[in-house]
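These are my notes from going through one model, kept in the order in which I looked things up. I give cut-offs where a term first comes up.

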Amino acid sequence: MSAQGLGDSWNERMRMIRLRRKKEAFRFRDEFRIVPSWLKILCVLLYLIAIAVTIVVVHYNPDTRITDLKDDVPTATVAAIGIVTGVSIVFSAFILMLGYVNRDAKRRGMNSALWTFLVLVLSSGSAGALGFIIYFLLRDPLPYPCPRCSQPVGPRFNFCPNCKCDLHPSCPNCKHEIAETDKFCPYCAYELGAKTPAPALPGAQIESP
């Protein structure tokens, strides 16, 4: 396949992914629920442990206090707790997002272990949130109802296993993949609802009026 063909195929795939993603109802509360509960509890426990250690260290070791607050233990403790809380929020958000990627990739029929590893590697160090950005751009749509029988089908399915509906219809004129909701082909403007006239039978004669 040529480079242009690969580019066209990629553009078609991304277009279909965007169209099917529009059907997904994104709610933060519902999305947060798919993060494993044990991971949420772990983040809370680690935060409480960090706060307890911070209080003990600041109270018994004056060298860990802020320079201007060395003699003011209560204020130095509050300042240290604020710093630990800020760091903990960033760290916990990273861990919870990894848990979300793992569960979200699994429910979308993707390789959850591979994507979790890739996001972890690409988002570590100076890369920041690069791994998460790539994941959200490339992730497959959620399973959606078949346009014919309404049974849930996977985003990678070519045909519905219940009614054999073609889940990746193509334009009869240019053969590009189209969406079920398209009225005109986005590539050649062919009217998809139009019926092509049946070809005349060989040898048929047209009667004169």
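**Helix H3.** I began with helix H3 (residues 37-60), whose 24 residues should span 34 Å at 1.5 Å a residue, and its end C-alpha atoms are 35 Å apart, which agrees. The expected span is taken as 1.5 Å times one less than the number of residues, and helices (H or I, at least four residues) and strands (E, at least two) are DSSP runs numbered from the N terminus. I then listed Leu-39, Cys-43, Ile-51, Thr-54 and Val-58 as buried residues of H3, where buried means under 20% relative accessible area, exposed over 50% and partly exposed in between, with a 1.4 Å probe and protein chains only. Helix H4 (73-107) is included in what covers the buried residues of H3.

**Basis of the model.** I note that this is a predicted model, in which local features need pLDDT of at least 70 and side-chain atom pairs count only at pLDDT 80 or more, while totals for chains, interfaces and linings use all residues. Residues are numbered from 1 along each chain as its sequence is written, and side-chain values use heavy atoms, with hydrogens and water left out.

**His-59.** Still in H3, I looked up His-59, which is partly exposed with a relative accessible area of 45%. Its C-alpha atom is separated by 7.3 Å from that of Thr-77, 18 residues apart along the chain. Leaving aside neighbours within four places in sequence, His-59 is in contact (heavy atoms within 4.5 Å) with Arg-65 and Val-73.

**H5 against H6.** Helix H5 (residues 112-122) and helix H6 (residues 130-138) pack at an angle of about 140 degrees, with their axes 6 Å apart; the axes are lines fitted to C-alpha atoms over the stretch in contact, and angles run from 0 to 180 degrees between N-to-C directions. That makes H5 oblique to H6, since angles under 35 degrees count as roughly parallel, over 145 as roughly antiparallel, 65 to 115 as roughly perpendicular and the rest as oblique. From H5, Trp-115, Val-119 and Leu-122 meet Leu-130, Gly-131, Phe-132, Ile-134, Tyr-135 and Leu-138 of H6.

**Cores.** The largest nonpolar core has eight residues, namely Leu-98, Val-101, Ala-105, Met-110, Trp-115, Val-119, Phe-132 and Tyr-135; by nonpolar core I mean a set of buried Ala, Val, Leu, Ile, Met, Phe, Trp, Tyr and Cys residues joined through side-chain atoms within 4.5 Å. H4, H5 and H6 are the elements that give two or more residues to this core, and H4 gives the most, with three. Setting aside its neighbours within four places in sequence, I find Tyr-135 in contact with Val-101, Asp-104, Ala-105, Arg-108, Met-110, Trp-115 and Val-119. A second, separate core of seven residues includes Val-35, Cys-43, Leu-96 and Tyr-100.

**Positive phi.** Most residues other than glycine have a negative phi, so I checked for exceptions. Lys-164 has a phi near 65 degrees, is found in the segment after strand S2 (152-153), and counts as exposed at 68% relative accessibility. Ala-189 also has a phi near 65 degrees, its place is in the segment after S2, and it counts as exposed at 56% relative accessibility.
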